[in-house]
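Biologist: I have a structure open and want to learn how to read it. Can we go through it feature by feature?

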Amino acid sequence: MFPLLNSLRIAGISTVIILLTGIPAAYYIAKTPRVIKGVLDVILTLPLVLPPTVVGYLLLRVLGPKHAIGAWFLETFNVKLTMTWWSAIFATVVVIFPLMYRTARGAFEAFDETLAYAGRTLGLSRTYIFWRIRLPYCRQGILAGTVLAFARALGEYGATSMISGYTPGRTATISTTVYQLWRTNDDALAFRWVMVNLAISFVVLLAVNLLERKNSPSGKRRNRQSRAVTPAAGEIVRKEGD
């Protein structure tokens, strides 16, 4: 049970972090000039195409107890940034951030700016427009990116195994547990954990498909039609009652 709870804990915390960082990054970068946007896109999206083991190696070069930030934390606070359960959060945040960033940026770029201009002419502040107009308009894309990022964090193995290792009851996740069980020829138990991961992934992808269907033009059109039909149906019922 610990690998499942630990995986959910790591994925949940990582998803919250990339929500708080990915949405602002996507919003402001979407407004930057094309050249600057291109450079920032390459930097922020790079972990998406790098092998997870390379990401883990680079993190170890920074957070390891003999390197840069890791050595400073160890000497100053006596805190080791690697080989703990929360060390995996560093890896998952780096790996899933591009998913949130790219999805949110696409949603912001698809936003109809005439709505923001109309709000400004009515005297609405930029903060109000962002929270009450822009964000609700883009919420389906952001939610889809959040769900995908959570699923990716839940199944992360390469970078996680390098920076947090595998210690039963302390750092084990579903992915690292499956590998260790396979390595020790415990195929039956490994298969059970694989099925758990498959079940969670199926539910997550189903949620993404539902969000995309709801956000599609046909889905929006059906929602508008249903809202239009409902008042008319209510009027018919009232007339029949009279």
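Modeller: Start with contacts along the chain. Among contacts in the protein chain with a separation of 6 or more, 69% join residues 24 or more positions apart. Keep in mind that this is a predicted model.

Biologist: How many helices and strands are there in the protein chain?

Modeller: The protein chain has 12 helices and 0 strands. Buried residues make up 36% of its 242 residues. The accessible surface is about 14,300 Å², and carbon and sulfur atoms hold 66% of that.

Biologist: How do I read a core?

Modeller: In soluble globular proteins, nonpolar side chains tend to be buried together. Here the largest nonpolar core has 35 residues. I18, I23, F108 and I142 have the most contacts inside it. Two or more residues come from each of α1 (2-29), α5 (87-109), α7 (126-137), α8 (139-154), α10 (174-183) and α11 (187-215).

Biologist: Which element gives the most to this core?

Modeller: That is α5, with 10 residues. There is also a second, separate core of 8 residues, which includes V55, L63, A91 and A159.

Biologist: Which residues is I142 in contact with, leaving aside its neighbours within four places in sequence?

Modeller: I142 is in contact with L19, I23, M100, A104, F108 and L135. Now compare T146, in helix α8. Beyond its neighbours within four places in sequence, T146 is in contact with T15, L19 and M100.

Biologist: Is T146 buried or exposed?

Modeller: Buried. The cut-off is under 20% relative accessible area. T146 has 14%, so it counts as buried.

Biologist: How do I read aromatic rings?

Modeller: A pair of aromatic rings is described by the distance of the centres and the angle of the planes. The whole structure has 13 aromatic pairs. One of them is Y27 with F130: 4.9 Å centre to centre, 65 degrees between the planes, edge-to-face.

Biologist: Which parts does the pair of Y27 and F130 tie together?

Modeller: Y27 lies in helix α1 and F130 in helix α7, so the pair ties together parts 103 residues apart in sequence. Y27 and F130 are both buried.

Biologist: What about F130 and W131?

Modeller: Their ring centres are 5.4 Å apart and their planes are at 90 degrees, so this pair is edge-to-face. F130 has 13% relative accessibility, so it counts as buried. W131 has 54%, so it counts as exposed.

Biologist: Which residues form one aromatic cluster?

Modeller: Y27, Y28, F108, F130 and W131 form one cluster. You have met F108 already, as one of the residues with the most contacts inside the largest nonpolar core.

Biologist: Where does the charged end of R9 sit?

Modeller: Over the ring of W85, 3.7 Å from its centre. The side chain of R9 also makes a polar contact with the side chain of N6, at 2.8 Å.

Biologist: Where does N6 lie, and what does N6 touch?

Modeller: N6 lies in helix α1. Not counting residues up to four places away in sequence, N6 touches W85, R170, T171, A172 and T173.

Biologist: What is the relative accessible area of N6?

Modeller: It is 0%, so N6 is buried.

Note on methods:
Residues numbered from 1 in each chain as written. Predicted model: local features only at pLDDT ≥ 70, side-chain atom pairs only at ≥ 80, totals over all residues. Heavy atoms only, no water. Core = buried A, V, L, I, M, F, W, Y, C linked by side-chain atoms within 4.5 Å. Buried < 20%, exposed > 50% of the residue type's maximum accessible area, 1.4 Å probe, protein only. Helix = DSSP H or I, 4+ residues; strand = E, 2+ residues; numbered from the N terminus. Contact = heavy atoms within 4.5 Å. Phe/Tyr/Trp six-rings, centres within 6.5 Å; stacked < 30°, edge-to-face > 60°. Lys NZ or Arg CZ within 6 Å of the ring centre and 35° of its normal. Polar contact = N/O pair within 3.5 Å; in protein donor to acceptor, adjacent residues only side chain to side chain. Areas by Shrake-Rupley, 256 points an atom, 1.4 Å probe, with all protein chains shown as cover.
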